[in-house]
Amino acid sequence: MCDYCGCRSNPEIASLSDDHIRFLELVEALEQAVDGRDADAGRALMRQLHDELHVHDGREERGIFVQLRAIVPDGGYVDVFAREHEELHRLLEQAQGDGWREAARRATEMLRDHILREESDLFPAAYQMLSPAQWGAVARALLDSDG
């Protein structure tokens, strides 16, 4: 994770970044399952990633995404990240059947890229652009999601 702008000093970003670290650990385990052709472990890891990402994505979408859309004239920037959330969930839901390894490969590649862009672009942009009041709204959204 990058620290060039100090955005991880923000507690909401730090919390979401901690999730990213956890997801990258799960991605490594999933890649090992794919390489070892361990379907049971791979499918279990895909379900776990799907479930944990669902909570995380909801936190981002109800927090940072809402606040960025309020100030970014073209919502397309944020919409790219939201669409990727949907695509990741679609891939992770493909844990059943013979195509699990290909779905896992695509999901792990996409998730690594997605996390990198959130950490190096989305979070620093939000850190610089959102007002203190908006960060308060993000914090409330994250708390509501955790409760």
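Is R37 buried or exposed? R37 is exposed, with a relative accessible area of 60%. The model is predicted. R37 sits in the loop that links α1 and α2. Its phi is positive, about 55 degrees, although R37 is not a glycine.

**Nonpolar cores**

The largest nonpolar core holds 20 residues. Within this core, L30, M46, L49 and L111 touch the most other members.

Another core, of 17 residues, lies apart from the largest one. Its members include L68, V72, V78 and L122.

Leaving aside neighbours within four places in sequence, L111 is in contact with F23, V27, L49, L53 and L88.

**Packing of α2 and α4**

How do the two helices cross? The axes of α2 and α4 come within 11 Å and cross at roughly 25 degrees. An angle under 35 degrees counts as roughly parallel, so α2 is roughly parallel to α4. The crossing is left-handed.

On the α2 side, the contact is made by A39, G42, R43, M46, L49, L53, H56, E60, I64, F65, L68 and I71. From α4 come W100, A103, A104, L111, E118, L122, F123, A126 and M129. The residues of this contact divide into 16 nonpolar, two polar and three charged. M46, L49 and L111 take part in the contact, and these residues are also among those that touch the most other members of the largest core.

Definitions and conventions: Residues numbered from 1 in each chain as written. Predicted model: local features only at pLDDT ≥ 70, side-chain atom pairs only at ≥ 80, totals over all residues. Heavy atoms only, no water. Core = buried A, V, L, I, M, F, W, Y, C linked by side-chain atoms within 4.5 Å. Buried < 20%, exposed > 50% of the residue type's maximum accessible area, 1.4 Å probe, protein only. Contact = heavy atoms within 4.5 Å. Helix = DSSP H or I, 4+ residues; strand = E, 2+ residues; numbered from the N terminus. Axes fitted to C-alpha atoms, helices over the stretch in contact; angles between N-to-C directions. Parallel < 35°, antiparallel > 145°, perpendicular 65-115°, else oblique. Left-handed = near helix turned anticlockwise from the far one by under 90°. Nonpolar A, V, L, I, M, F, W, Y, C, P; charged D, E, K, R; others polar.
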